[in-house]
Amino acid sequence: MTASDPLAPVRHVGILAPMRAELDPVVRRLALTDQGPADRNAGRIYSGNAGPVTITAMLTEIGMANAAHAATAILEHGVETVFVVGIAGSVDRGLGMGELIVPERVVERATGREHRPTLIGDARSSGTLSCGDDLITDVGVLDGMFAKGVIAVDMETAAIAAVCEDAGRPWSVFRAISDYAGSGFLDEALLALIRSDGTMDPELTASYMAEHPERVEALMQFGQDAERATEAAAEAAAAAVHALASR
């Protein structure tokens with residue numbers, strides 16, 4: 001164990017992903033199996049092993065409250081550390097689509113509470129991941145955030161971090177860039193098409209595309225970029241699990 005790798009003795013990892021498209025590549029890469037519903041108030045559990053490391057994974061669904069609930073539920077399964085896996089909107093325009101981010105700190109916008117993720121192996125961290133339920137589209141606001149060190153935004157990580165830290169458990173985050181915040185593509189109308197598990201409502205989506213045919217190409221591109229990002233985040237999380245297993 002080293003200062004940059006404090007998780008070497010861990011033998012039970014919990015993995016949380018907000019959306020189905022973010023969880024599926026994790027399940028596939030780590031060959032996890034569906035164990036059914038966790039309980040009446042939590043989502044389905046997926047489990048497996050990587051050598052001596054047991055893996056328990058769950059879907060959180062979108063949003064801070066859902067993320068906090070899922071974090072509480074997965075800790076009840078006895079996990080020793082939690083990985084947050086998924087996509088993020090870039091505030092730093094220098095980041096590319098699908099690029100993995102390893103933030104130095106995570107901040108909840110509503111409260112200002114700061115959290116520090118645990119780094120695994122030789123990962124180098126930089127910048128701040130800003131989290132909250134509000135969709136920020138104002139370019140001026142985003143530029144101000146970037147000036148203060150924010151590189152990306154999401155809607156769950158800080159909530160999971162708070163639950164883990166309050167319980168005395170370490171946590172790590174693996175997010176990859178799926179879009180540029182404030183680009184004008186992702187707005188409230190488009191967000192309304194997305195269900196809590198990240199899947200698109202087919203009827204609402206069909207109506208939206210019929211009303212906005214000029215956005216169909218951009219929507220398809222977004223889907224491709226998001227898929228690239230989910231795969232990159234899942235790959236990083238799986239690599240971290242295997243690194244722990246090799247200790």
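Reader: How do the residues of the lining of the largest cavity divide into nonpolar, polar and charged?
Author: There are six nonpolar residues, one polar and one charged. Here Ala, Val, Leu, Ile, Met, Phe, Trp, Tyr, Cys and Pro count as nonpolar, Asp, Glu, Lys and Arg as charged, and the others, Gly among them, as polar. Before we go on, this is a predicted model: local features need pLDDT of at least 70, side-chain atom pairs count only at pLDDT 80 or more, and totals for chains, interfaces and linings use all residues. Residues are numbered from 1 along each chain as its sequence is written, and side-chain values use heavy atoms, leaving out hydrogens and water.

Reader: Which residues line the largest cavity?
Author: They are Phe185, Leu190, Tyr208, Met209, His212, Arg215, Val216 and Leu219. Helix 6 (202–211) and helix 7 (216–245) are the elements that give two or more of them. Helices (H or I, at least four residues) and strands (E, at least two) are DSSP runs, numbered from the N terminus.

Reader: What makes a space a cavity and not a pocket?
Author: The search uses a 1 Å grid over the protein atoms alone. A cavity is a set of points where a 1.4 Å probe fits but cannot get out, while a pocket is an open set with protein on both sides within 12 Å along at least five of seven lines; lining residues have an atom within 4 Å of a point. The whole structure has one cavity of 30 Å³ or more, and the largest cavity holds about 30 Å³. The largest pocket has a volume of about 760 Å³. In both cases the grid points are joined across faces, edges and corners, and the volume is the space filled by probe spheres set on the points.

Reader: What lines the largest pocket, and which residues lie nearest its centre?
Author: The lining has 38 residues, with Met19, Ile87, Ser178, Leu186 and Phe222 nearest the centre. By class, 20 are nonpolar, 10 polar and eight charged. Helix 7 provides the largest share, six residues.

Reader: What makes two rings an edge-to-face pair?
Author: Rings of Phe, Tyr and Trp (its six-membered ring) pair if their centres lie within 6.5 Å; planes under 30 degrees apart count as stacked, over 60 as edge-to-face and the rest as tilted. The search of the whole structure turns up one aromatic pair. That pair is Phe83 with Phe174, 5.1 Å centre to centre and with 70° between the planes, and therefore edge-to-face. The two sit 91 residues apart, Phe83 in strand 5 (residues 81–90) and Phe174 in strand 11 (residues 171–180).

Reader: Why is Leu244 called buried?
Author: Buried means under 20% relative accessible area, exposed over 50%, and partly exposed in between (1.4 Å probe, protein chains only). Leu244 has 0% relative accessibility, so buried is the word. Leu244 is part of helix 7. Phe83 and Phe174 are buried too.

Reader: And why does Leu204 count as partly exposed?
Author: Leu204 has 43% relative accessibility, so the partly exposed class applies. Leu204 is in helix 6 and touches Ala192 and Leu193, not counting residues up to four places away in sequence. Contact here means heavy atoms within 4.5 Å.

Reader: What makes a group of residues a nonpolar core?
Author: The members are buried Ala, Val, Leu, Ile, Met, Phe, Trp, Tyr and Cys residues joined through side-chain atoms within 4.5 Å. The largest core has 33 residues, and Ile15, Phe83 and Val241 touch the most other members. Helix 7 gives the most to this core, with 11 residues. Another core, of 31 residues, lies apart from it, with Met64 and Trp171 among its members.
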